[in-house]
Amino acid sequence: MVSGDPTAPAASTSTVPTPTAPARGLPEAWLFLPQLRMDFPRLLDRVRAAEAAGFDGVAFMDHLAPPGLPAGDSFDAMTTATAALAATSRLRVGHLVLCASFRHPAVLAKEAVSLDHLSGGRFELGLGWGSTPAELERFGLPVEDNPTRAARLAEYLEVLGALFGGEEVTHEGRFFTLRGALQHPVPVNGRIPLLLGGAGRKLTMPMVARHADWWNCPTYGLRDLAELRSLAGGARLSTQHPVGFAASGAELDDITAVARKRFGNWGGLVVGTPDTLAEHFGELAALGVERFYLQFTDFATPETIEAFARDVLPAVRQVATTARG
């Protein structure tokens with residue numbers, strides 16, 4: 001059983017390997033593309049544009065109904081990831097983030113390893129402890145307090161890691177029970193890269209240090225980055241930003257107005273011309289950010305994707321190269 005510490009692991013016959021930090025490189029650019037307000041042809045046009053422009057990955061959302069737009073059309077997270085992987089050859093695909101409340105860990109393990117094999121190792125697993133409370137209540141899913149949700153996710157991660165190991169798993173926990181469970185095949189490269197987000201010192205950061213390959217630090221956590229970084233173990237650092245891209249100063253006022261209207265309540269909104277954006281993301285890269293999740297405020301037109309990759313990313317990577325010596 002889980003102890004009084006909500007992040008303590010539950011008992012299991014299989015152990016979870018501690019992730020090692022992959023080799024450091026230039027900062028990555030991922031397109032965050034929530035799968036709503038567009039049909040599959042338009043969605044995949046943007047995915048292909050991101051790959052052609054040199055983006056490293058694309059991430060989708062995981063909601064049963066879009067927050068703030070519950071009657072809006074949206075597509076299933078894993079189905080959308082499958083379509084994106086099938087439509088590309090190099091791009092990595094993940095989510096910000098899959099909701100642990102939506103799937104049993106054995107179901108997610110089977111889905112994730114299937115996408116891992118389908119894509120030759122291009123699927124990454126972003127996972128979180130819950131969705132918006134109104135969504136969970138609307139669909140009859142448990143609405144729990146933060147310590148309980150954190151305890152559930154901690155145990156969820158233990159079960160996932162054990163199943164990915166390919167050995168028989170017998171697990172008696174607070175939330176999940178498995179008896180002689182087997183998950184085959186195992187991941188292509190031994191493990192599927194795992195991203196966890198948040199900045200909570202007590203509940204979140206211990207899970208990041210124990211399990212994560214990537215730590216998605218919310219922008220409010222950047223002010224305490226030095227302290228939080230020391231709690232993240234070997235996880236690499238990513239951040240998430242809504243971006244208003246203005247190709248020139250003449251467009252800046254209009255782009256700013258639209259960006260503030262659509263994303264003004266979101267943290268991390270940045271609006272500017274290529275030079276301004278390159279300076280902003282370059283400063284973050286110099287602080288050690290190795291991946292940017294970018295949600296463009298014009299819903300990521302192919303022209304914006306291409307222009308950002310051409311006019312901003314090279315300068316950001318040059319700053320990172322200089323800063324890291």
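1. **Confidence.** The model is predicted. Mean pLDDT for the protein chain is 90. Of its residues, 92% reach 70 or more. Residues 1–23 are the stretch to treat separately: pLDDT stays under 50 there. The model still gives residues 1–23 a total of 52 contacts beyond four places in sequence.

2. **Overall form.** The protein chain holds 11 helices and 12 strands. Its radius of gyration is 20 Å, close to the 20 Å from the globule rule for 325 residues, so the chain is as compact as a globular protein of that length. Along the principal axes, the C-alpha atoms fill a box of roughly 65 × 45 × 35 Å.

3. The peptide bond from leucine 96 to valine 97 is cis. Omega is near -25°. Valine 97 sits in the loop between β3 (92–95) and β4 (98–99).

4. Proline 185 belongs to the loop between β7 (177–181) and β8 (194–197).

5. **Positive phi.** Phenylalanine 299 is not a glycine, yet its phi is positive, at about 65°. The residue is in the loop that runs between β12 (291–296) and α10 (302–311). Helix α10 returns in point 8, where it packs with α1.

6. **α3 with α5.** Helix α3 (residues 105–118) packs with helix α5 (residues 146–164) at an angle of about 45°. The axes are 9 Å apart. The two helices are therefore oblique to each other. Their crossing is right-handed. From α3, the contact uses Pro105, Ala106, Leu108, Ala109, Ala112 and Val113. From α5, the partners are Tyr156, Val159, Leu160, Leu163 and Phe164. By class, the contact has 11 nonpolar residues, with no polar and no charged ones.

7. **α9 with α11.** The axes of helix α9 (residues 274–286) and helix α11 (residues 313–323) come within 8 Å. They cross at roughly 30°, which means that α9 is roughly parallel to α11. The crossing is right-handed. On the α9 side, the contact residues are Ala278, Phe281, Gly282, Ala285 and Ala286. These meet Ala315, Val316, Val319, Ala320 and Ala323 in α11. The residues divide into nine nonpolar, one polar and no charged.

8. **α1 with α10.** Helix α1 (residues 40–53) and α10 have axes that come within 9 Å and cross at roughly 20°. That angle makes α1 roughly parallel to α10. α1 passes α10 in a right-handed crossing. Arg46, Ala49, Ala50 and Ala53 of α1 make the contact with Pro302, Ile305, Glu306 and Ala309 of α10. The class count is six nonpolar, no polar and two charged.

9. **Points to check by eye.** Which stretch has pLDDT under 50? Residues 1–23 do, so far as the model's confidence goes.

Definitions and conventions. Residues numbered from 1 in each chain as written. Predicted model: local features only at pLDDT ≥ 70, side-chain atom pairs only at ≥ 80, totals over all residues. Heavy atoms only, no water. Axes fitted to C-alpha atoms, helices over the stretch in contact; angles between N-to-C directions. Helix = DSSP H or I, 4+ residues; strand = E, 2+ residues; numbered from the N terminus. Parallel < 35°, antiparallel > 145°, perpendicular 65-115°, else oblique. Left-handed = near helix turned anticlockwise from the far one by under 90°. Contact = heavy atoms within 4.5 Å. Nonpolar A, V, L, I, M, F, W, Y, C, P; charged D, E, K, R; others polar. pLDDT = per-residue confidence, 0-100. Rg over C-alpha atoms; globule rule 2.2 N^0.38 Å.
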